[in-house]
Amino acid sequence: MRRLWRRGRFHLSALMMLVPLPFLPDYFSPKPIFVPPEIRRDLAVGDFSVTLATYDEAPGRMPTGERMKAYRIHVRPADIDRIRGIFLRVGKPRSLRTAGTLAFGNPYEREAEVTVPDELAGREELWVTVEDWGGGIHQAPLPLGEIFGGRR
């Protein structure tokens, strides 16, 4: 009986080594395993064409109490050398000083975290402001409901 248990224990440990094998490709892949669906919208901002992307999830609450939503901005390769900065803001900016959050990162895919008000009336807009190297300012609104994912 004892010898049978030792043999069974050996086979059981070998089986336990084989169980994780089907999950290894997902473990080593660069993309996360559990990712919410992504929302993408193409937008023409003056002469520039940008794509806004975000995850379909509600804004997260920061330790300071503000609600923040992360966006990624994709720019066409032909426009990269012409763009000085991209800003995102909920509500129309009054000037370049109040243009919102400056997107950062590599020139092809920039990121920005936008402050979202606690109370939304449903007609808010996400304003995208693009500043070019010649000093020109280009703006375009996008209804917040389209890029918000319907979650508030």
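Predicted model: local features only at pLDDT ≥ 70, side-chain atom pairs only at ≥ 80, totals over all residues.
Colleague: Which salt bridge has glutamate 38 and arginine 40 in it, and what is the N to O distance?
Modeller: Their side chains meet in a salt bridge at 3.2 Å, N to O.

Colleague: What about glutamate 38 and arginine 72?
Modeller: Those two form a salt bridge as well. The closest N and O atoms are 1.9 Å apart.

Colleague: Where do the two residues lie?
Modeller: Glutamate 38 is in strand E1, residues 38-45. Arginine 72 is in strand E4, residues 67-75. So the pair ties together parts that are 34 residues apart in sequence.

Colleague: Now arginine 72 itself. Buried or exposed?
Modeller: Arginine 72 is buried, because its relative accessible area is 15% and the cut-off is under 20%.

Colleague: What does arginine 72 do with glutamate 109?
Modeller: Their side chains meet in a salt bridge, 3.5 Å from N to O. Glutamate 109 lies in strand E8, residues 109-116, and arginine 72 in E4, so this pair ties together parts 37 residues apart in sequence.

Colleague: And how accessible is glutamate 109?
Modeller: Glutamate 109 has 29% relative accessibility, which means partly exposed.

Colleague: Which residues end up in one network?
Modeller: Glu38, Arg40, Arg72 and Glu109 do. They are joined by salt bridges that share partners.

Technical notes
Residues numbered from 1 in each chain as written. Heavy atoms only, no water. Salt bridge = Lys/Arg side-chain N within 4 Å of Asp/Glu carboxyl O. Helix = DSSP H or I, 4+ residues; strand = E, 2+ residues; numbered from the N terminus. Buried < 20%, exposed > 50% of the residue type's maximum accessible area, 1.4 Å probe, protein only.
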